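Hi everyone, thanks for making time. Let's have the structure up on the screen and walk through it together.

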Amino acid sequence: MAGKQSPRVARQMTRQLDDMLAAIELPPVPRSGWIASIRQALGMNKTQLAKRIGVTRPSLDELESNEVRETITLASLHKVADALGCDLQYVLVPRKSLKKQIAEQALKKASSRLGRVNQSQALEASALEEGSLSKAITDLAKELEVTRPSGLWND
């Protein structure tokens with residue numbers, strides 16, 4: 001079993017992925033799905049594509065419907081793409097940069113952790129003032145971003 005990835009390597013990987021993913025511009029998915037759209041653009045009918053992938057015409061109808069409903073398997077989509085002379089490109093595109101997601105989670109975790117501590121200290125009349133608490137949260141969040149502890153994503 002591999003050991004835990006070092007925070008330095010994790011930060012480097014975050015930068016590399018953010019750079020790669022920032023350049024991706026995906027076209028919108030056609031309403032009828034990629035399978036039907038590409039098949040039609042090639043001038044291929046359903047019977048011809050069904051034969052190429054070794055399924056019945058009703059099975060191809062189901063594959064096209066499953067794609068539109070987003071229930072098609074990657075294995076099926078790969079097989080159909082190959083029959084259409086296409087490569088299947090599979091990518092997860094973050095809505096926000098990975099770095100920003102990590103920073104937001106670190107801030108959330110720091111706020112939660114220090115908020116609880118400060119609340120218990122308030123019972124002993126030793127709570128931090130608002131400005132000091134805010135600075136402590138920011139400092140802890142920055143530390144969490146750098147160290148990437150294993151519990152960072154535990155909610």
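So, the accessible surface of the chain comes to about 11300 Å², and 54% of that belongs to carbon and sulfur atoms; the areas come from the Shrake-Rupley method with a 1.4 Å probe. Keep in mind that this is a predicted model, where local features need pLDDT of at least 70 and side-chain atom pairs count only at pLDDT 80 or more, while totals for chains, interfaces and linings use all residues. Residues are numbered from 1 along each chain as its sequence is written, and side-chain values use heavy atoms, with hydrogens and water left out.

What does the secondary structure come to? Seven helices and zero strands, where helices are DSSP runs of H or I with at least four residues, strands are E runs of at least two, and numbering goes from the N terminus. Of the 155 residues, 24% are buried, meaning under 20% relative accessible area, with exposed being over 50% and partly exposed in between (1.4 Å probe, protein chains only).

Let's look at H1, residues 7-22. Its buried residues are Ala10, Thr14, Asp18 and Leu21. Down the axis of H1 they fall within an arc of 75°, so they line one face of the helix; that arc is taken from the directions from the helix axis to the C-beta atoms. Turned away from the buried side of H1 are the exposed residues Arg8, Arg15, Asp19 and Met20.

One last thing: contacts, meaning heavy atoms within 4.5 Å. Among contacts in the chain with a separation of 6 or more, 66% come from residues 24 or more positions apart.

Note on methods: Expected span 1.5 Å × (residues − 1).
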